[in-house]
Every structure is written in C-alpha cells, then in structure tokens.
Amino acid sequence: MSDSPKPSRSLANIAGIVAIATLISKVFGLVRQQAVAAAFGISAPVDAFSYAYVIPGFLLILLGGINGPFHSAMVSALAKRDRDEAAPLVETITTLVGGGLLILTVGLVVFAPSLVDLVAPGLGQTPEGLDIRAIAIQQLRIMAPMATLAGLIGVGFGALNAADQYWLPSISPLFSSTAVLVGLGILVLFLGEDITDPSYAMLGGIVLAGGTLAGAVLQWLVQLPAQWRAGLGRPRLRFAIHDPGVRDVLKVMGPATFSSGMMQINVYTDLFFASYIPRAAAALNYSNLLVQTPLGIISSVILVPLLPVFSRLADPQDWPELKQRIRQGLFLTALTMLPLGALMVALAFPIVRVVYERFAFDQEASAFVAPVLMAYGIGMFVYLGRDVLVRVFYGLGDADIPFRISVVNIFLNALLDYLFIDRFGVPGLVMATVGVNLISMIALMWMLDKKLRGLPWREWLMPLVALILAGVLTGLAAWGTRLGLESLLGADGLWNQLLHIAVAGGVGLAVFGAIATQLRLPEVNMLVERIRQRIRR
C-alpha cells in the first residue's frame with residue numbers, strides 16, 4: 001500500500017522468506033504424511049480421504065493459496081490504494097466472499113453422496129467389509145466448511161502480502177499438518193493401531209477430516225491479529241459494494257478463479273479412473289507429496305525472482321533480453337529437475353521405504369507406491385518447465401493462450417488416462433499427466449515462438465538435449481550403484497537404506513555435475529551462486 005510505513009523488501013529478500021517458510025511447511029507436511037502412513041498404510045480411511053478431500057482441498061489450494069486468484073486480486077487492488085482505504089475494502093470483500101461460499105458449504109453437506117459418486121463412481125467395500133464410499137461421504141461433510149474458510153484465508157493473506165507481510169501466509173500450512181498430527185496421536189493413544197478394526201477405520205476417517213478442518217480454521221484465525229495490527233479491517237459485516245476497489249477485486253477474482261480451476265479438473269479425471277483400483281488414490285497421494293516437497297521449494301526459488309522480470313520485459317524492444325531470461329528459467333529448471341527426477345526413478349523403492357515404511361505401511365505398500373513415484377519422477381522437468389512458460393505469457397499480459405491450452409488438456413488427459421490405466425495401472429495415470437505436461441510445454445514453446453517473432457531454437461536445443469541425456473546417465477549410475485550395494489549389503493534396514501540412497505544419489509549427482517560442467521553453461525554458475533547464497537544465509 002502506498003503509504004505503508006515499512007520500506008518494501010527486495011525481490012531477493014521476498015524470495016528468501018517464501019523459500020524458507022515453504023521449506024518449513026513442506027517438512028511439516030511430510031511428517032504429517034509419514035504419520036498418516038504409519039497409522040493407516042494404504043487402507044480404507046486414507047483411500048476414502050483422497051476422494052473426500054478433492055473438493056475442499058481444491059478450494060483451499062485455489063482460493064486460499066499463495067498466488068491463487070483471491071490472493072492475487074487482493075494484492076493487485078490494495079497495492080494501488082492508500083492504507084485508510086484498505087479496511088473497508090477488505091471487510092467488504094470478506095463479507096461477499098464469505099456469504100457466497102457459505103452457500104457452497106451448505107451444498108457440499110447436502111449433496112455429499114452425489115459429489116462422492118461423481119468424483120469416484122468406483123468406490124465400494126474393502127475385503128474386510130469397510131464401506132469406503134460411506135467413509136468418504138462422512139469426511140466430505142466434515143470438511144465442507146473449508147469452502148468458506150478457503151475464501152477468507154485467500155482474501156486475508158492477499159491483504160497481508162499487500163502490507164509487505166510474507167512469512168505468515170507462506171508458513172501457515174503447517175497449522176493444518178500440526179492439527180492432523182495431534183488428532184492421529186489421540187487416536188492411536190486410545191485405540192491402538194489395529195487398522196483392521198472397523199471402529200478404528202471409521203474414527204480414523206473422522207480424525208483425518210476433522211484435523212484437516214481444524215488446520216484450516218487455525219490458518220484463518222492466525223491471520224486475524226496480523227490484519228488488525230496492519231489496519232486491514234476486522235471480522236465484521238460490511239457492504240460497501242459501490243467502492244471502486246471492490247469492483248476491481250471482483251473483476252480480477254472471477255475470471256482468474258475460473259481459469260485456475262480448469263487445471264484442477266485433471267485431478268478429478270485422474271481420481272475418477274483411480275476409484276476403480278483399490279488403494280490407487282492413497283498411492284497417488286503418498287508419491288505426489290514426495291515429489292511436491294522438493295518441487296515446491298525449488299519452484300519458489302526459480303519462479304519468484306523471474307516473474308517480475310518477465311513483466312518488465314514485455315515491451316517488444318526488450319524481447320531480446322526476455323528471450324535470455326526465458327532461457328535462464330528453462331535451463332535452471334533442467335539443471336535441478338532432471339537430476340532430481342532421475343534419482344526419484346532410480347531410488348524410488350528405498351525412498352518410499354525410508355519415508356513411509358513403518359507400522360501399518362508395510363513392504364507390500366512400499367512396492368505398490370514406488371512405481372507411482374517413478375512415474376512422477378519422469379515428469380518433474382516438464383511439470384516445472386511448463387510453469388515457467390505459462391508465467392512468461394502472464395508477464396506478457398496474455399492469459400488467453402495458457403487458458404485455451406488448459407481446456408484442450410482436460411480432454412487429452414481423460415483420453416490418456418483411459419488408454420494408459422489398463423496397460424500400466426496406477427502409474428499410467430501419472431504417465432498420462434506427464435504426457436499432457438509435455439505436449440503443453442511444446443505447444444507453449446511453439447506459441448511463444450510465434451508471439452516473440454522467433455526463439456533461438458538451435459542455441460537452446462543442443463544443450464537441453466545434452467542435459468536430458470545427462471539425466472538419463474544420472475539415473476542409470478544411481479540405479480547400478482543401488483543394485484550393487486543391495487547385493488553386497490542387502491536391501492533391508494533403515495540405516496542400510498539410507499546408505500544406499502546417500503551413496504547412489506551422490507554417484508548420480510556427481511555424474512550429472514561432471515557432464516553439466518563440461519557444457520559450460522552460464523546457468524550452471526548462476527545455480528551454484530544461488531545455492532551458495534542460501535547456504536551463507
């Protein structure tokens with residue numbers, strides 16, 4: 001806000017705050033998932049939760065997440081206004097958003113059975129007689145208020161970012177993880193760990209849903225004192241709907257929500273097909289978290305500093321420099337995601353065993369989840385590379401092309417899910433997403449080439465191909481080292497598995513580093529310097 005008493009932070013400082021807070025939140029999220037795995041393995045409560053969480057979780061990420069439409073709309077509107085205009089604007093938007101989403105919350109409670117059937121028509125009973133559909137319906141009804149809370153969180157955190165406060169919004173997801181951990185502790189304390197006990201499964205489903213709801217409540221409550229201190233209003237009804245700022249917020253909020261929501265339909269599609277395979281949704285969730293933990297941290301380090309740069313270089317006279325920045329984004333993505341993805345493929349089984357295998361999550365569960373993690377690892381580069389290109393279009397003020405591509409992706413993802421699930425099982429659903437991301441990346445590059453009147457393909461293509469081959473060799477080196485260690489030392493035991501991951505991962509990274517260094521890419525030096533800066537801090 002224009003008359004904020006605090007000086008604006010530098011982009012590097014903001015990126016550092018976001019990266020550290022994201023790291024802490026991701027670590028808490030991983031610990032939470034480890035606790036869930038230990039308590040339930042891949043049994044009915046966590047499988048049902050994967051479907052019940054689809055709509056509430058989608059709303060919490062979309063509406064309440066950093067860089068979501070509500071967050072972005074509030075930052076955009078408040079950044080242009082004086083502090084004394086902030087409170088009426090925030091209170092009015094909170095009132096309108098809260099009222100609208102409260103109606104949606106009631107709808108989720110009333111129509112929970114139909115919504116579960118829509119998302120997961122294949123749900124039925126486990127061999128032990130547990131009704132996964134009934135558990136999912138109960139969980140959805142418990143988490144329904146998250147629809148309202150998501151909007152309030154997004155509005156509040158957008159207002160806080162506009163007031164130059166970044167730590168609380170970025171670290172707030174740990175409250176949800178903490179609430180779930182407390183609930184699981186109470187459950188195990190009073191009922192033990194017998195996942196075959198029907199009462200344990202039913203109460204476990206309630207604990208997962210209730211803990212998640214409690215976490216969302218905490219995310220909202222912790223922001224209120226910060227808003228009051230920053231002069232951003234209080235939790236009260238206000239209907240200043242004729243305020244120009246309110247119209248500005250709603251003008252951005254509506255289309256942005258619709259555009260962002262299109263991407264989530266692919267998640268629904270995957271779960272639709274997964275519902276016909278027992279334990280598939282749980283495997284997707286466990287493996288996805290292992291990928292999203294490093295992805296979230298690295299993407300914040302790469303994307304956050306580049307986003308404002310893309311916007312500043314939108315003028316045609318600045319396009320030569322813009323093309324260099326695009327190259328930087330893509331090559332930094334390749335230098336981080338290709339070796340990391342290769343190690344995920346080569347070391348998937350010991351990684352899953354080290355992170356999850358304890359109590360209810362046994363070796364059979366690890367064998368079920370590991371191939372899914374391997375599929376995710378294959379697609380890490382195209383996942384983040386596509387995001388870099390989408391941000392370029394946003395910087396150029398063109399959201400139409402990414403939106404049209406995302407619409408086509410919905411049908412393409414459904415087709416690939418249908419074709420791959422019979423041949424590859426659960427990993428086929430992930431491979432379908434990888435295929436969609438790859439095709440999207442190619443389409444975005446092609447459209448960007450036309451928009452910027454040509455990209456230096458020859459200059460970019462050969463080093464990228466070399467890095468991809470280096471990634472393949474990294475995976476092979478790590479795989480071979482792991483197999484050699486297992487033949488010498490065996491594959492069981494936590495410390496043994498950690499040794500395999502450390503040694504095989506180190507060998508793989510050494511291979512990638514040696515090849516990347518020989519290519520003499522400027523981005524290698526840039527990446528090394530950024531890592532050094534983080535270590536010094």
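The model is predicted, with local features needing pLDDT of at least 70 and side-chain atom pairs pLDDT 80 or more, while totals for chains, interfaces and linings use all residues. Residues are numbered from 1 along each chain as its sequence is written, and side-chain values use heavy atoms, with hydrogens and water left out.

**Exercise 1. Classify the ring pair Phe-272 and Phe-273.**

Step 1: get the rule. Rings of Phe, Tyr and Trp (its six-membered ring) pair if their centres lie within 6.5 Å; planes under 30 degrees apart are stacked, over 60 edge-to-face, and the rest tilted. The count by this rule is 7 aromatic pairs.

Step 2: apply it. The centres of Phe-272 and Phe-273 are 5.6 Å apart and the planes stand at 80°, so this pair is edge-to-face.

Step 3: compare with Tyr-356 and Phe-361, a tilted pair with 5.5 Å centre to centre and 35° between the planes.

Step 4: look for a cluster. Ring pairs tie Phe-272, Phe-273 and Tyr-276 together into one.

**Exercise 2. Are Phe-272 and Phe-273 buried or partly exposed?**

Step 1: the cut-offs. Buried is under 20% relative accessible area, exposed over 50%, and partly exposed in between (1.4 Å probe, protein chains only).

Step 2: Phe-272 has 33% relative accessibility, so it's partly exposed. Phe-273 has 16%, so that one is buried. Tyr-356 and Phe-361 are both buried too.

**Exercise 3. Find the rings that Arg-327 and Arg-386 sit over.**

Step 1: the test asks for NZ of Lys or CZ of Arg within 6 Å of the ring centre and within 35 degrees of the ring normal.

Step 2: the charged end of Arg-327 sits over the ring of Phe-331, 4.3 Å from its centre. Arg-386 lies over the face of Tyr-383, 5.2 Å from the ring centre.

**Exercise 4. Work out how H18 and H19 run relative to each other.**

Step 1: helices (H or I, at least four residues) are DSSP runs, numbered from the N terminus. Axes are lines fitted to C-alpha atoms over the stretch in contact, with angles from 0 to 180 degrees between N-to-C directions.

Step 2: the axes of H18 (residues 400–424) and H19 (residues 426–451) come within 8 Å and cross at roughly 150°. That makes the two helices roughly antiparallel (over 145 degrees).

Note on methods. Angles under 35 degrees count as roughly parallel, over 145 as roughly antiparallel, 65 to 115 as roughly perpendicular and the rest as oblique.
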